[in-house]
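Me: Take me through this structure. I want each label set against its cut-off.

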Amino acid sequence: MTRVIAHPNIALIKYWGKADGPGNIPATPSLSITLDTLCTTTTVEDAPRDEIRLNGQVTTDAKVAKFLDQLRREFQVPPLSIESTNNFPTGAGLASSASGFAALITAIDAHCGLNMDATRRSQWARRGSGSAARSVFGGFVSLQPPDWAAQPLRPASDWPLTVVIAITDTERKTVSSSHGMERSRLTSPYYPAWIDSTQAAWREGRNAVEQRDFNALAAIAEHSTLAMHALMISSRPPLLYWNPASLAVIHTIRGLREAGVPVFFTIDAGPQVKAVCLPEVADSVASSLRSLPGVVTVMNVGLGPGASVVDA
Ligand code: PMV
């Protein structure tokens with residue numbers, strides 16, 4: 001039996017769209033922070049046949065089945081019982097697939113002795129879910145060409161930011177990221193502009209992280225989020241992930257920053273808003289968001305480590 005813990009990551013420079021060809025390669029580079037507190041715990045054991053359990057329920061997850069098929073084309077992997085549990089809502093825009101696939105490949109690698117280094121694990125995690133490549137590493141992480149493995153930029157301890165997560169809906173999203181991205185690529189008139197502009201945004205984000213320049217990171221991260229959502233909204237049929245509470249949280253965060261509070265927002269394929277801030281203002285940011293109508297829960301989480309084996 002092998003047990004692994006991995007944490008979700010939140011992109012500050014987003015990816016939305018895949019390159020042509022195999023390998024689940026993103027069309028653009030991205031940059032993220034790995035969280036602590038929220039986690040996926042995955043246990044693998046030898047079994048007579050594959051059995052996958054997610055949050056206690058037996059499931060036939062097509063993405064996991066495809067991932068195992070691909071892995072078995074290159075490695076000897078026996079039938080496995082895989083049990084994966086998230087301590088946060090699954091499939092609701094909180095990056096459960098990122099922590100899920102980073103945990104899965106790390107657990108299978110350790111359990112079956114595949115001898116992968118972190119770069120290889122990151123490339124394999126990417127095949128399961130693009131953003132999962134980044135959850136193999138902790139702190140500030142970049143995912144870029146040519147090898148499309150994630151790279152750690154800075155450990156969490158170097159620049160300890162806090163992420164205040166405002167949950168505005170705990171339901172599973174109705175359109176998966178993969179389908180949504182494909183829809184944007186095929187139907188949004190803004191897709192070519194998104195692809196062109198994301199290269200520069202990623203360089204700007206990397207520079208801001210290298211220099212620990214909070215205001216520069218805030219400006220480019222909010223721009224990346226809004227550009228991605230403009231792309232989503234301009235797809236046909238539209239992908240409108242926000243609810244009224246998401247918008248109320250955005251406006252509150254913008255107001256706080258205009259008043260000098262070091263905080264910015266980021267939003268993924270779901271209605272939750274993540275407020276990234278310096279730790280000293282996290283409690284006051286959390287209480288401003290908690291009082292907004294439609295905000296169900298607010299959680300403060302720090303930056304955390306990469307995927308690791310906790311029991312073998
Ligand atoms: O990991 P995927 O392929 O489900 O896509 C994740 C997409 C976003 O979370 C919206 C952006 C990102 O870069 O993580």
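Reply: The protein is assigned domain 1 (2-157) and domain 2 (162-302). Such bounds come from an automatic or database domain assignment. This is a predicted model: local features need pLDDT of at least 70, side-chain atom pairs count only at pLDDT 80 or more, and totals for chains, interfaces and linings use all residues. Residues are numbered from 1 along each chain as its sequence is written, and side-chain values use heavy atoms, with hydrogens and water left out.

Me: What makes domain 1 and domain 2 count as being in contact?

Reply: Contact means heavy atoms within 4.5 Å. By that rule, 36 residues of domain 1 touch 49 residues of domain 2. The two domain centres, taken over C-alpha atoms, lie 22 Å apart.

Me: How much area do domain 1 and domain 2 bury between them?

Reply: About 3300 Å², with 67% of it on carbon and sulfur atoms. Ile-13, Lys-14 and Trp-16 supply 27% of the area that domain 1 buries against domain 2, more than any other three residues. Buried area is the accessible area (1.4 Å probe) that two parts lose on being put together, summed over both.

Me: Why is the pair Arg-185 and Asp-20 called a salt bridge?

Reply: The rule asks for a side-chain nitrogen of Lys or Arg within 4 Å of a carboxyl oxygen of Asp or Glu. Arg-185 and Asp-20 meet at 4.0 Å, N to O, so the pair qualifies. Between domain 1 and domain 2 the count is two salt bridges. There are also 13 residue pairs in polar contact between the domains, both residues at pLDDT 80 or more.

Me: Which other salt bridge does the side chain of Arg-185 make?

Reply: One with Glu-182, at 2.8 Å, N to O. Both residues lie in helix H5 (residues 177-187), three residues apart, about one turn of the helix. Helices are DSSP runs (H or I, at least four residues), strands are E runs of at least two, and both are numbered from the N terminus.

Me: Why is Arg-154 called buried?

Reply: Buried means under 20% relative accessible area, exposed over 50%, and partly exposed in between (1.4 Å probe, protein chains only). Arg-154 has 14%, so the residue is buried. Asp-158 has 29%, so that residue is partly exposed.

Me: How do you know that the side chains of Arg-154 and Asp-158 make a polar contact?

Reply: A polar contact is a pair of N or O atoms within 3.5 Å; within protein, one must be able to donate a hydrogen and the other to accept it, and residues adjacent in sequence count only if both atoms are side-chain atoms. The distance here is 2.6 Å. Arg-154 and Asp-158 also form a salt bridge, with the closest N and O atoms 2.6 Å apart. Arg-154 itself sits in strand S9 (residues 150-154).

Me: What does the salt bridge of Arg-257 and Glu-222 tie together?

Reply: Their closest N and O atoms are 2.7 Å apart. Arg-257 is in helix H8 (residues 244-258) and Glu-222 in helix H7 (residues 214-233), so the pair ties together parts 35 residues apart in sequence. Glu-222 is buried at 6%. Arg-257 is partly exposed at 24%.
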